[in-house]
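Colleague: I would like to learn how to read features in a structure. Please show me one case at a time.

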Amino acid sequence: MKIGNREFDVQGHTYVMGILNVTPDSFSDGGKWNDRDRALGHVEEMLAEGADIIDIGGESTRPGYTLLSEEEEIARVVPVIEAVKKNFDVPVSLDTYKAKVAQEGITAGADMINDIWGLKYDGRMAAVAAASKLPCCLMHNRRTAEYHSFLTEVCGDLEESIRLALEAGIEREKLILDPGVGFGKSYEQNLEIINRLEELKKSGYPLLLGCSRKSVIGLTLNLPADQRLEGTLATTVLAVVKGCMFVRVHDIKENVRAVKMTEAILKAG
């Protein structure tokens, strides 16, 4: 799969996606990178530590987050996308579920769309993504964690997102699925979806796993967001074992090392 000017192997390697939240209120790093110079400094650091792609988001999606207007979100992400593309040779993913934000981000140079609502929030998003010809990550999400048959319904919800994508003209080969850990799921359901990633792999689409510092780790280990590195690394190792294409993380160096070690073990013999 080509993202930006780089070819990514959808089968044989797990790539590290570095998180760049240009927000004042994200759950673990709000306010740290929400001006241009600090954002660029953090990208430089992440690339030095081995990040393969940078995911830029302008709206916090932590529990209880404040919905931003399209104009506010555009004002946050577009200058940063432009600056990152000007200063670094790295693919950039735009984390948004709003079509107007996506369009402006694509114009600014974004190489991929990462939609936490799987094209279901904004009815224009599928068309915008299709017209861009860019890869698109479809995340599973629900407004409530109410299921009759959890895994069956998660797979069904993702199939609906895939249908929207394909009908809009997004090429099958440009789709990535994200199980949506931390979104529309209980604590137990989050653990289950991580444990059963192979069920989603049956769809034939590459997977992105985003567990970094999330509440499922905090609840399991009884730790605050800034002390969840080891728990995140455990999920990264599992992502490699189960064949995920990407892990989306805050702590680059440690996760790159975990991926490398796990892949070396799996390839031995």
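Colleague: In which helix is the place of Val241?

Modeller: Val241 has its place in helix H9 (residues 229-241). Helices (H or I, at least four residues) and strands (E, at least two) are DSSP runs, numbered from the N terminus. Two ground rules come before we go on. This is a predicted model, where local features need pLDDT of at least 70, side-chain atom pairs count only at pLDDT 80 or more, and totals for chains, interfaces and linings use all residues. Residues are numbered from 1 along each chain as its sequence is written, and side-chain values use heavy atoms, with hydrogens and water left out.

Colleague: How is Val241 classed by relative accessible area?

Modeller: Buried means under 20% relative accessible area, exposed means over 50%, and partly exposed lies in between (1.4 Å probe, protein chains only). Val241 has 49%, so Val241 is partly exposed.

Colleague: Which residues make a nonpolar surface patch with Val241?

Modeller: Patches are made of residues with over 30% relative accessible area and no salt bridge; like charges are joined within 9 Å, nonpolar side chains (Val, Leu, Ile, Met, Phe, Trp, Tyr) within 5 Å. Areas come from the Shrake-Rupley method with a 1.4 Å probe; for residues, only the protein chains shown count as cover. Here Val237, Val241 and Leu266 make a nonpolar patch of about 240 Å².

Colleague: How many aromatic pairs are there?

Modeller: Rings of Phe, Tyr and Trp (its six-membered ring) pair if their centres lie within 6.5 Å; planes under 30 degrees apart count as stacked, over 60 as edge-to-face and the rest as tilted. The count here is six aromatic pairs. Take Tyr15 and Phe246: their ring centres are 5.9 Å apart and their planes meet at 45 degrees, so the pair is tilted. Tyr15 lies in strand E3 (residues 15-21) and Phe246 in strand E10 (residues 246-249), so the pair ties together parts that are 231 residues apart in sequence. Tyr15 is buried at 7% relative accessible area, and Phe246 is buried at 0%.

Colleague: What kind of pair do Tyr147 and Phe150 form?

Modeller: Tyr147 and Phe150 are edge-to-face, with 5.0 Å between centres and 90 degrees between planes. Both residues are buried.

Colleague: Which residues form one aromatic cluster?

Modeller: Phe8, Tyr15 and Phe246 do. Phe8 also has a charge over its ring. The rule is this: NZ of Lys or CZ of Arg must be within 6 Å of the ring centre and within 35 degrees of the ring normal. The charged end of Arg6 sits over the ring of Phe8, 4.8 Å from its centre. Likewise, the charged end of Arg143 sits over the Trp117 ring, 4.7 Å from that ring's centre.

Colleague: How many salt bridges does the structure hold?

Modeller: Side chains of opposite charge can pair when their charged atoms come close. A salt bridge is a side-chain nitrogen of Lys or Arg within 4 Å of a carboxyl oxygen of Asp or Glu. This structure holds 18. One of them joins Asp55 to Arg248, with the closest N and O atoms 2.7 Å apart. Asp55 is in strand E4 (residues 53-57) and Arg248 in strand E10, so the pair ties together parts that are 193 residues apart in sequence. Asp55 and Arg248 are both buried. A network of salt bridges links Asp55, Asp95 and Arg248.

Colleague: Are Asp122 and Arg124 buried or partly exposed?

Modeller: Asp122 is buried at 9% relative accessibility, while Arg124 is partly exposed at 45%. Their side chains meet in a salt bridge (2.9 Å, N to O).

Colleague: How many residues of H4 are buried?

Modeller: Six of its eight residues are buried, so H4 is mostly covered. The buried ones are Met125, Ala126, Val128, Ala129, Ala130 and Ser132. Contact means heavy atoms within 4.5 Å. The buried residues of H4 pack against H3, E6, E7 and H5.
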